[in-house]
Amino acid sequence: MLDYETDGLSPYEGARPFLAGMEDEKGRVLLTRPGTGDWGKVRRLVEDPNRVKVCHNVKFEWKMSVHSGMRPAGEWRDTMGMAALVNEYAPSLSLGGLAGTYLKGRRAKDHGVRDWLDANRNGYLKVAGREPNYSDVPDGMISGYLENDLDCMMMLNWVFWPEVRSNYGEAFRIESDLVPVVSEIEDRGVR
């Protein structure tokens with residue numbers, strides 16, 4: 001599993017990851033920040049053509065990787081894309097919505113992140129001239145949020161991947177192949 005927490009949503013406006021989380025099938029989690037010794041592990045995962053990367057809304061992680069100087073390679077699975085293939089009429093493709101529907105009532109917990117952002121909005125506007133973003137959230141809160149997202153992605157991958165592989169393999173391959181193409185079109189335009 002791979003998930004970034006970013007200081008904004010648009011890499012074109014300078015948004016970049018400030019925290020990355022990785023989790024393996026055994027539940028071992030690594031959280032790391034750019035510029036630290038473990039950040040190289042994120043790069044190695046992203047660029048390894050032999051390792052599967054599972055994300056939710058994979059195009060976002062792909063794009064943030066590219067704009068952070070990495071060259072994504074290998075197989076990338078998108079739990080949101082898999083969910084759409086399995087049930088195109090799903091009421092929600094958000095991580096929280098899918099977790100609530102497919103993980104026996106488990107919800108993607110925000111660990112108070114949204115409440116913190118709301119409570120600190122006016123203060124940040126007065127002092128910094130901007131609204132707070134995820135990079136402003138206290139470490140313990142954002143780390144718990146990220147770890148829970150990684151857990152939900154792993155479990156959703158376990159739920160969806162067998163059916164996607166068996167029944168929608170070609171459609172999934174086409175969808176996956178489009179991620180770098182659409183990402184590059186968004187970056188460079190269509191010629």
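Where is Lys 109 found? Lys 109 is found in the loop between H4 and H5; helices (H or I, at least four residues) and strands (E, at least two) are DSSP runs, numbered from the N terminus. The model is predicted, with local features needing pLDDT of at least 70 and side-chain atom pairs pLDDT 80 or more, while totals for chains, interfaces and linings use all residues. Residues are numbered from 1 along each chain as its sequence is written, and side-chain values use heavy atoms, leaving out hydrogens and water.

**View 1. Surroundings of Lys 109.** Lys 109 counts as partly exposed because its relative accessibility is 48% (buried is under 20% relative accessible area, exposed over 50%, partly exposed in between; 1.4 Å probe, protein chains only). Leaving aside residues up to four places away in sequence, Lys 109 touches Tyr 145 and Asn 148, where contact means heavy atoms within 4.5 Å. Its C-alpha atom is separated by 8.6 Å from that of Gly 144, 35 residues apart along the chain.

**View 2. Packing of H5 and H6.** Helix H5 (residues 113-127) and helix H6 (residues 139-167) pack at an angle of about 140 degrees, with axes 10 Å apart. Axes are lines fitted to C-alpha atoms, for helices over the stretch in contact, and angles run from 0 to 180 degrees between N-to-C directions. H5 contributes Val 113, Arg 114 and Trp 116 to the contact, and H6 contributes Met 141, Ile 142 and Tyr 145. These residues comprise 5 nonpolar, no polar and 1 charged (Ala, Val, Leu, Ile, Met, Phe, Trp, Tyr, Cys and Pro count as nonpolar; Asp, Glu, Lys and Arg as charged; the others, Gly among them, as polar).
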